Amino acid sequence: MSTVKNTGSTVKNTVIGWAQDAEGIVTLTIDDPGQATNTMTDEMAVALRAAVERLEAEKESVTGVVVTSGKDTFFAGGDLNRLMTAGPDDVDDISAGLDHFKESFRRLETLGRPVVAAVNGTALGGGLEVALAAHHRIALDKKGSLLGLPEVTLGVLPGAGGVTRTVRMLGIVPAVLNVVGQGQRMKPAKALKVGIVDEVVATEQEMLDRARDWIRENPDAAQPWDRKGYKIPGGTPSSAALAAQLPAVPANVRKQLKGAPMPAPIAVLSTAVEGAQVDVDTAFAIETRYCANLICGQISANMIKALFFDLNAVNKGASRPADIPVRKAEKVAVLGAGMMGAAIAYVTAQAGVDVVLRDVTTEAAERGKDYSRRLLDGALAKGRIDEAKHAAVLDRIHATGDIADVAGADFVIEAVFEDVELKKKVLAEVAAVAADDALLASNTSALPIAEMAGAVSRPGDVIGLHFFSPVDKMPLLEIVVGENTSDEALARAVDFARQIRKTPIVVKDAYGFYANRVIAKFVDEALSLVAEGMHPASAEQATLQAGFPAGALTLFDEINMKTIAKIRQGFIADAAERGVEFVTSPSYPLVDRMLGEFDRPGRLEGRGFYEYEGPGGARLGLWPKLAAEYHRPEVEIPFEDAKERMLVAAALEAYRCYDEGVVRTVAEANIGSIMGIGYPAWTGGALQYINQYAGETAGFVARADELRARYGDRFLVPDGLRALAAEGRLVV
Ligand code: NAI
């Protein structure tokens, strides 16, 4: 961020409009002509400073200030491209940029005239920080409008006064827990409850009228912290009242991180606590220092790339053929009302699309529909939906045992048992009844799409839609393109994913698709640690400290070792078919023993690596015999190796998938790994992990070579990656 020069108020301000009424109230309308939304660009910094200087210069004629926006949203926040590319050499520049905004905000709030933010739409991050510099915030209750300071979710913190002001408005504990620590995005009503806005109104006119009224009623407005005798609500860290409560905050952060190497939540906490013990200007300086360090670090770059740029690219359909018009599904037939079919019907109906849910009998189909009933009942009880919505979603699902009810469906998804002959039969049967050009999708987890396509007369319309369980929670959808699948079918599948608000990645019709290949390497590596003698509790801890959302042994039990062993057999057969060597893992004999000798397949049976309260019941402790049998204290596996083995093994597999065309873009590989298997967000995804490794691709390759020498051929570096590293290039 370059240091912004002051251009003074003589230049016409094209970014922030100025309108003064007869009473002297000035309305500043932020409306950057160069951008779809207002963000914190250099031009914005200059414009804001110019507006503030004009207010100061013309103060005698100004009775108050309304800050609003000329866009549909209020203000979107930081310039993420710039934040992502900032490196360690940019700390001074970034700090100067933050301080420039801060100074403008500070001059606005100390102008000596009442300032009201008329928040006419979404105000996130820097956008909300603009509003926090006002003395009073009125939010318009607009559909889709969100308020909050979500910086921490991208590995940074609100550095334009957001932490300092929320701490002083709300107190340390509420500010960290409800606003800055987890970056919650709130609807206006919630924002009012939490206290980051003061009023919520229904119309734009009301918002502007109320803003003027408030100015008239509060001619002496000032920020609470600029008034004599001000004390931070709830006290400062040195006060006894807060001392009792404060430990809950780091405890909460620890729970949130589970040991993952993410510096932002800790920096937020430090900013809040340290800033509360000093005057407001020193607090701002502390905030800038922490924020600039985060912005210029690698982890925020990884997170911004993955969770903003890659995710946007994927959600827009990174691999959707561009020249095919958007076509939405109108009547979806779901065949098979088991665990998957029932949940697919639910998310489809939720998206406002009519569903025919078909099973072998109407009773079986109704049992599938019960899944939706249960979820909707729960949402109703919690007040998240009303009766009308409950009824509307359920009415969209027509449960039936009669295939004739599928007539006219333009989009078919089969989710019957995982049996290729059955699936072929079902697809042929439905193709005869559904619309002539209905898309024919299979939710297979492993069967070849091309083979199923052979069962119908129009194989171009057959495609795979690999959902993840539980479907209503897991955001990822793998779209599997078979040999014959047409571009139009692919485009329609991507359009459907967007319709039901899933994130689609396009994958090749090859065994394991993408996510299962990558997850298999991660869990096998975690379990290898145990097989080699590491204490199971330490292996679980290493998984969490690498940043995975759950321990690997926990995951084994959830997925069930029978499934895992079956998938392994699939990989072995696939390798044989392709004539490539299958590299074995120390984890395999342990899984086999768990299934055979120990008979502990997983949580479903109530016994796995963990003990449970019963079949499918609550998890108790680790099964003691596991450590008794395998733990060898004399074996020393450095903890750093333990963590990196999982990350590196999965990243190597992601690279192989990319190299083989199993995934088509780096963005899809990164997002698929984060959303499909819980690859840690701090890495930016499995391919970004390679690029961001210290020393970039060469550094990663050297580390993989080291791990291979110590632990085996699972860390063999593919030739293509070695070549990139030799040339100093990234995986792009
Ligand atoms: P499930 O066993 O719970 O359900 C299958 C349903 O299909 C049963 O209700 C059965 O009555 C019905 N069915 C059988 N023949 C039928 C026919 N001719 N017409 C209509 N319905 C018929 O199985 P689940 O777990 O829902 O799996 C379904 C598919 O989804 C399988 O291909 C599976 O591999 C795949 N899948 C499963 C995932 C999982 O986590 N369970 C994840 C992703 C895909």
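Tutor: The sulfur of Cys-291 has its closest cysteine sulfur in Cys-296, at 8.9 Å, which is too far for a bond. A disulfide is here a pair of cysteine sulfur atoms within 2.5 Å, and by this rule the count is zero. Cys-296 is likewise in no disulfide, the nearest cysteine sulfur being that of Cys-291. Cys-291 is buried, at 1% relative accessibility, and Cys-296 is buried at 6%. Buried means under 20% relative accessible area, exposed means over 50%, and partly exposed lies in between, with a 1.4 Å probe and protein chains only.

Some conventions apply throughout. The model is predicted, so local features need pLDDT of at least 70 and side-chain atom pairs count only at pLDDT 80 or more, while totals for chains, interfaces and linings use all residues. Residues are numbered from 1 along each chain as its sequence is written, and side-chain values use heavy atoms, with hydrogens and water left out.

Next come two residues in strands. Helices (H or I, at least four residues) and strands (E, at least two) are DSSP runs numbered from the N terminus. His-136 is in strand β6, residues 136-140, and is buried at 8% relative accessibility. Its side chain makes a polar contact of 3.1 Å with the side chain of Trp-214. A polar contact is a pair of N or O atoms within 3.5 Å; within protein, one must be able to donate a hydrogen and the other to accept it, and residues adjacent in sequence count only if both atoms are side-chain atoms. Leaving aside neighbours within four places in sequence, His-136 is in contact (heavy atoms within 4.5 Å) with Val-115, Val-116, Ala-117, Asp-198, Glu-199 and Trp-214.

Arg-358 belongs to strand β11, residues 354-358, and is buried at 17% relative accessibility. The side chain of Arg-358 reaches the backbone oxygen of Gly-401 at 3.1 Å. Not counting residues up to four places away in sequence, the residues that Arg-358 touches include Val-334, Leu-335, Asp-402 and Glu-429.

The peptide bond from Ser-469 to Pro-470 is cis, with omega near -5 degrees, and Pro-470 sits in the loop between β15 (462-467) and β16 (476-481). Phe-513 is not a glycine, yet has a positive phi of about 50 degrees. Phe-513 lies in the loop between β17 (503-508) and α20 and is buried at 1%. Asn-560, also other than glycine, has phi near 90 degrees. Asn-560 is in the loop between α22 (552-559) and α23 (561-578), and its relative accessible area of 7% makes it buried.

Helix α20 (residues 515-532) packs with helix α24 (residues 587-595) at an angle of about 80 degrees, the axes being 8 Å apart. The two are therefore roughly perpendicular. The contact is made by Asp-524, Leu-527, Ser-528, Val-530 and Ala-531 of α20 and by Ser-587, Tyr-588, Leu-590 and Val-591 of α24. Axes are lines fitted to C-alpha atoms, for helices over the stretch in contact, and angles run from 0 to 180 degrees between N-to-C directions. Angles under 35 degrees count as roughly parallel, over 145 as roughly antiparallel, 65 to 115 as roughly perpendicular, and the rest as oblique.
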